[in-house]
Structure formats: C-alpha cells, structure tokens
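Okay, everyone, thanks for coming. Let me put the sequence and the model up on the screen, and then I'll walk you through a few spots.

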Amino acid sequence: MINRSADPPARPGLDDGAEAPRVRALTRPWTGGAAPPGLRHRLARPLVLLAAFVCAACGLVYELELVAVGQTLLGDSVTQTSLVLSVMVFAMGVGSLLAKRLAGRPATSFAVVECALALTGGLSVLALYSCWAWLDGHRTAAAGLTATTFLIGMLIGAEIPLLMTLVQRIRREHAGRAVADLFAADYVGALIGGLAFPFLLLPTLGPAAGALATGAVNAVAGAAVVLWLFREEPPPRARLLLWAGCGLVLAVLACAAAFTGAIERAARQALYGAQIRLAVPGRDQEIVLAGGPGAAGPLELFVGGRLAVCGPDEYRESEALVHPALAGAPNGRVLVLGGGGPAVREVLRHSAVREVVVVEPDAALTSLVRRDPALAALTGHAYDDPRVRLVHAEPMAWLRRAGGSRGAAFDVIVSDLPVPHGDDGRRAHSQEFFGLAAGRLAPGGRLAVRGGPVALGLWTAEAGLRADGLRTVAYQAPPGAPPSCPHAAAQPGPAFLLAARSQPVLSLGRDAPPPRALTTDGLRESAARLAARRPARLPAPYRLLG
C-alpha cells in the first residue's frame, strides 16, 4: 500500500526552504502605507505599467537619437544603424543579467537606473556632438557612440526585470499574465516613442533639446513615480538621497538645455572657424554659412558638416557640370535635381533656355540661398528668375510621381546631388535613379551627373548609366589655384559624367557667354585622360537592393 500525503504537492522553486521567505514577501499584503488599502494601492499597478510605457517610449527615442546622430556626424547610414542596433540589443541582455543582483530592493534600484538613464540619454547628443567637434572627429565620435549606446542599452535592459518584480510585489499573479501586461505596456510605449521622434521631437525641438526633454520625462516618470509608490522600501536616509539625486538630474538637464545654444555655437566655431554668420536646421542636417561680405574669409556653405560651396572657387565645378550638357542640342526645358543655386545660375546663362524646374528636398537650403545677400549674389539671384520653377520634394520620388505626366520630357537633366559618401547618397547614383531620370529625357536629351573624385565611385556611376542604355563620357573640371577656402582640400578637379542615348560629344554652346574655366579642348583632353584610366571591366552599378 502506498501512503499518500495529505499536503498538496511541493512546487519546485516556490515551496522549497530557500525560496519560502521570498515567496512570503511577495504574497504579503500591500505595504504602501495605507491601512486599509487606499488610493495609492488602487493606483499602484496602473502607475507601474504607465512607468513601463513611458520608459519604453524614452528608450526608443534614445535609440533613434543615437542612430540619427551617428548618421549625421559619421555618415554611412547602414553602418551606423547596424552598430547602434546591435550594440543596443547586446547591452540590453547584459543589463537584464545584471538586474538579478538588484532584485532585493527593486524600487530603489529602479529609481537609480532611471536617473542614470535620464542623465546619460539626455546628455548623449550634446556629448557626442562635442566629441566630434573638439576631439579627433570621426574616431572619437565613433568610439563615443559605441560606448554611449552600450551604457544606455544596459540601463534599458535592467528596467523590465525590476518592473516585473515591482508588479509581482503589488499583486502576486501568474507570471505569464504579469509578463503579458508588462510587455504590452512596453511595446505600446515603444510605438509611441518611435512615432514621436520623427514627427514631434525632431522637427519641434531638434536632436539635442529633444534628447534633454526625453531625459527629463524619463526621470520624472521612471524614478519619481516608483519612489512615491514604494517609498517605504528605502530607509529614510536613502530615500532622501534618491529624491535629491532625481532633483539633481533634472537640474543638470535644465542647465544643459539653457546652455545648448552656447555649446553648439562654440562647437561650430571649433569646426568652421570664428566667422560663422548663420546656422539653420535643414531637412536632415544642419546648414552653416561662414565668411563672405562683412566677415573675414571667403564665403563657405556647409551642409551636414561638409563643405558644399566655396565661394571664390565654386564656378569651376558649376560650369563643368552644366555647360557641356547644354551644348550641341536643344536645351529649352532643363531639370535641375538638387538645390543647385550656382548650377541654376549657369543654366540661365544660356539664352535658349525657356524653363528650368529645380527639385530640391530641403526648403531651408533654398530659403537661405534666397534671403542671404552673399549667397543670392553668388547664385545671381537665380531663384528669382521667372523661368525658374522651384519644387521641394525628394528627387527620386518626384521622378517617379511625375514620370507619366504629359509634357514632362526635358532636353537636359542636371543632377546636382551630392556625391555618395560611404553608404549615404548612393540612392542618387543608383541604377534605378538613373533609369527614372533617363525616362524623363526628350529625344536627343542629355543627363549630367557629378561623379566626384576619380575613384571607384566614378566608374560605378558610369556603370549605372550604361546599364540603363545610355552612352557616356567622363571628364574633369580644370584644375585651379590652391583652394581659397580654409576647409577645402587641395585635390585634382572632380570628375563628371555626360550621358545620352547616342554618344555625347563634349563641346560648349554658343548661346551663352564663354565660361571662365572651360574650353572645348580642355574638356576633350580630360576625357581622353580619364578614358585611359577607365577599368577594362566596369564595376557593378549601385542598386537600391545592393
């Protein structure tokens, strides 16, 4: 006969002697200080879930801020996005493991974690921007981005285990139900944070102020709410220190917000020199104008930290991009892709041009070119010419939308978009982009493209044009004197590509004044030199999917 015990079966991990004290602590009635349980007891669980919601939103904002700052400061968007996401996820796992050591005092530990996260995440953008400006630019900023991502990810990873302990301490229930509620709040918060970043924080506050505001919300919703709910957990002295720490974090973030403008101005001066006249936020990156009339030094326009226009020297590239394309064939309708103020000026020198459509994604850039006297004079007030129609749109999307409209063919298309830098900008040199542009060409039309330095990217762009059925010729802008701008690197003239359905011939038109830097013989000599350097087999063209 088998004797059966009258007691219920033991539950491994719950009824053993080592775990019994902790179980009794978890199943103990609410000890929030109200007897019988009052408002704080009834609000405890919803407020903890609300804290999880807000912390998840803040965490995703930090992550997106780091991705955006990495792309802006370091370029190569694929690499920076992959680095931030992979390091963040790994660090979250490390933080989750470390949180096991903090489970004894979950409310106290959670408050400390949230204060540290608010401080680190809130100051991250300003700190990385300062590293990039004052220290050894790329390498220091890359190392700082990795370290900051790891620290933020580790703190985010510690949140869920601690919140889970707090939820179970309020009301013990089946682990699956508690996890479902907690992760639902977490995921919905991540959705709200992900939407708030591009549509609210970035356009209204900018990256630096947006990160500081997120840190303040994180400190209040994460640390303060939990400290209020579980104020009996820490002893009085520790509780006072925690409240003081939370207040100190908010004070530091407020001071950083007050001095953000001064920090940014000092960093710009370190980057561009003391003659900065204007800095405005663009669509995706900062636009800085330095030098020019009334300031020492030549006029310089920086877009995203890179020199886009060197006033005294820009005409060499603008003439080389535009004039060969407008020579030798009809040029009544011209499409300029990219802001191209100097390029539009050169197009308008041709008397046969009747209409110029300019497609520029960044309205802040065209607005600056129009209202700044020095830039307006440099571009010959091109945007005020009645023949010019300005469209603010992403060029590739515009080409797709307008491709089927009647009368949409252009005699000449000038792509004045930036040369690819790492993975950035390859969209405008992809085979798909060139195919859409080729579809907008009138019979006998020509397409002019910036090719950049004579390197692999030039031949990759040429391969993309040829893959779309176009014939090409590569040529260079003539070399000039040493650069007039202090931030311009001394290098051979950049290369350009002229493409058409029949083999294009390099020449200069007779319906425009002679260019200052170009001659027909010089263009053809540079084309012969580049033809001798062209690889026997062109590399594979850029494609949107690689």
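Quick definition before we start: helices here are DSSP runs of H or I with at least four residues, strands are runs of E with at least two, and both are numbered from the N terminus. Keep in mind that this is a predicted model, where local features need pLDDT of at least 70, side-chain atom pairs count only at pLDDT 80 or more, and totals for chains, interfaces and linings use all residues. Residues are numbered from 1 along each chain as its sequence is written, and side-chain values use heavy atoms, with hydrogens and water left out.

So, the overview. The chain's secondary structure comes to 17 helices and 11 strands. Of its 546 residues, 48% count as buried; buried is under 20% relative accessible area, exposed is over 50%, and partly exposed is in between, using a 1.4 Å probe and protein chains only. Contact, when I say it, means heavy atoms within 4.5 Å. Among contacts with a separation of 6 or more, 74% join residues 24 or more positions apart.

Let's zoom in on Leu123, which sits in helix α4. Leaving aside neighbours within four places in sequence, Leu123 is in contact with Leu212, Val252, Leu253 and Ala256. Its C-alpha is also 7.8 Å from that of Ala208, which is 85 residues away along the chain.

Ala175, in helix α7, is another partly exposed one, at 42% relative accessibility. Not counting residues up to four places away, Ala175 touches Met164 and Gln168. From Ala175 to Met164 you go 11 residues in sequence and 9.0 Å in space, C-alpha to C-alpha.

Now the cores. A nonpolar core here is a set of buried Ala, Val, Leu, Ile, Met, Phe, Trp, Tyr and Cys residues joined through side-chain atoms within 4.5 Å. The largest one has 61 residues, and Val48, Leu66, Leu73, Ile152, Leu182 and Phe230 have the most contacts inside it. Helices α2, α3, α4, α5, α6, α7 and α8 each supply at least two of its residues. Take Leu73: beyond four places in sequence, Leu73 touches Leu128, Tyr129 and Trp132. Apart from that core lies another, of 42 residues, including Leu301, Val347, Val412 and Val473.

On to a couple of covered helices. How many of the residues of α11 are buried? Eight of the eight, from residues 341–348, so α11 is largely enclosed by the rest of the structure. That includes Arg345 and Glu346. The buried residues of α11 pack against α10, β5, β6, α13 and β7. As for α10, at residues 314–322, seven of its nine residues are buried, among them Glu314, Tyr315 and Leu321.

Last stop: α14 (395–402) and α15 (431–438), which pack at about 45 degrees with their axes 9 Å apart. The axes are lines fitted to C-alpha atoms, for helices over the stretch in contact, with angles from 0 to 180 degrees between N-to-C directions. On the α14 side, the contact is made by Pro395, Met396, Leu399 and Arg400, and on the α15 side by Glu432, Phe433, Leu436 and Ala437. That's the tour, so over to you.
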